[in-house]
Amino acid sequence: MSDIEKTLKVAAMGDLHVREDNWTSYRELFGEISREADVLVLTGDLTDLGRPREAELLAQDIKACPIPIVGVLGNHDYECGAEEEVSHILRDAGMKLLDGQSVEIDGVGFVGVKGFAGGFGRRMLGSFGEPAIKQFVNETMKETLRLENAMRQVRSKRSVVILHYAPIVDTIEDEPLEIYPFLGSSRLAETIDRFKVSAIVHGHAHRGRFEGRTPAGQPVYNVAKHIEKPTGKPYAILEI
């Protein structure tokens, strides 16, 4: 087997929610992950309130991690309106933070966007009525377009899509029905299913389920730290 075809072990985890008033270092966990995997993927909500100081605390652990870290921001990382500074801090620490881009690591393409809400299937929110509703739906459409553009950049035969919001219902089951529309959107899965991918990972739904599939049968994993995974750890291990 050539180097390009070697299996890549990807550790994936989301929703770290680093807080400056109750900080728990991830350095030891990242060290464990580096012994188990070739790449660490983080699926957003890296900070709890999107504060630069929270990002600085996480950056210390990122700098100490010997394997590549790639990921996206989540909705919590936008809370303080300092997402650009948070992004700069994390990228400066060595994280490959994606926001509508792709990167190749050891023959595997990684594509990332935050995604957005909007609901699923026939119950997806439509662009109709008040300007505020149309603006909400337009945000989802913008994210899916950025996702599609990024996926078109991938030249690798194997690829991983990194989201924060869920692209399917299966991996948010066990969450309250009332909040389903705010946990993700089928539009993300519709876009992904125009391509062949190896895996899709997301977070956001803390009480969801680990595994599901898109309408085209592509594997989706909810890797939020709180989700029970086959590893029995806060992170999943995927062989790509």
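**Entry 1: charged side chains**

I began with a network of salt bridges that links Asp 99, Glu 143 and Arg 146. For a salt bridge I looked for a side-chain nitrogen of Lys or Arg within 4 Å of a carboxyl oxygen of Asp or Glu. A note on what I am reading: this is a predicted model, where local features need pLDDT of at least 70, side-chain atom pairs count only at pLDDT 80 or more, and totals for chains, interfaces and linings use all residues. Residues are numbered from 1 along each chain as its sequence is written, and side-chain values use heavy atoms, with hydrogens and water left out.

How many salt bridges does the structure hold? I found 13. One of them joins Glu 32 to Lys 233, at 3.4 Å from N to O. Glu 32 sits in helix 1 (residues 27-36) and Lys 233 in the loop between strand 10 (219-222) and strand 11 (236-239), so to speak distant parts of the chain, 201 residues apart. My helices (H or I, at least four residues) and strands (E, at least two) are DSSP runs, numbered from the N terminus.

I then looked up Arg 209, which forms a salt bridge with Asp 174, the closest N and O atoms being 3.2 Å apart. Arg 209 lies in the loop between strand 8 (199-202) and strand 9 (211-213) and Asp 174 in the loop between strand 7 (158-162) and helix 5 (186-192), so the pair ties together parts 35 residues apart in sequence. Arg 209 is partly exposed, at 39% relative accessible area. My scale is buried under 20%, exposed over 50%, and partly exposed in between (1.4 Å probe, protein chains only).

Next I traced an open sheet of five strands, in the order 4-3-2-1-11 and with mixed pairing. Strand 4 (96-97) and strand 11 are at its edges, each with a single partner strand, so one side of each has no neighbour in the sheet. Two strands pair if DSSP finds at least two bridges between them. Strand 3 (residues 69-72) pairs with strand 4 in the parallel sense over two bridges, and Gly 71 has Leu 97 as its bridge partner in strand 4.

**Entry 2: two helices**

Which residues of helix 3 (residues 83-92) are buried? I noted Val 86, Ser 87, Ile 89 and Leu 90. They cover an arc of only 165 degrees around the axis, which puts them on the same side of helix 3; the arc is that of the directions from the helix axis to the C-beta atoms. Glu 84 and Asp 92 are exposed on the other side. The buried residues pack against helix 2 (52-63) and strand 4, where contact means heavy atoms within 4.5 Å.

In helix 4 (residues 131-151), the buried residues include Val 137, Thr 140 and Glu 143. Their cover includes strand 5 (101-105), strand 6 (108-112), strand 7 and helix 5.

**Entry 3: aromatic rings**

My search of the whole structure gave four aromatic pairs. Rings of Phe, Tyr and Trp (its six-membered ring) pair if their centres lie within 6.5 Å; planes under 30 degrees apart are stacked, over 60 edge-to-face, the rest tilted. Tyr 26 and Phe 30 are stacked, 5.9 Å centre to centre with 25 degrees between the planes, and both are buried. Why is the pair of Phe 210 and Tyr 221 tilted? Because the planes stand at 40 degrees, with the ring centres 5.2 Å apart.
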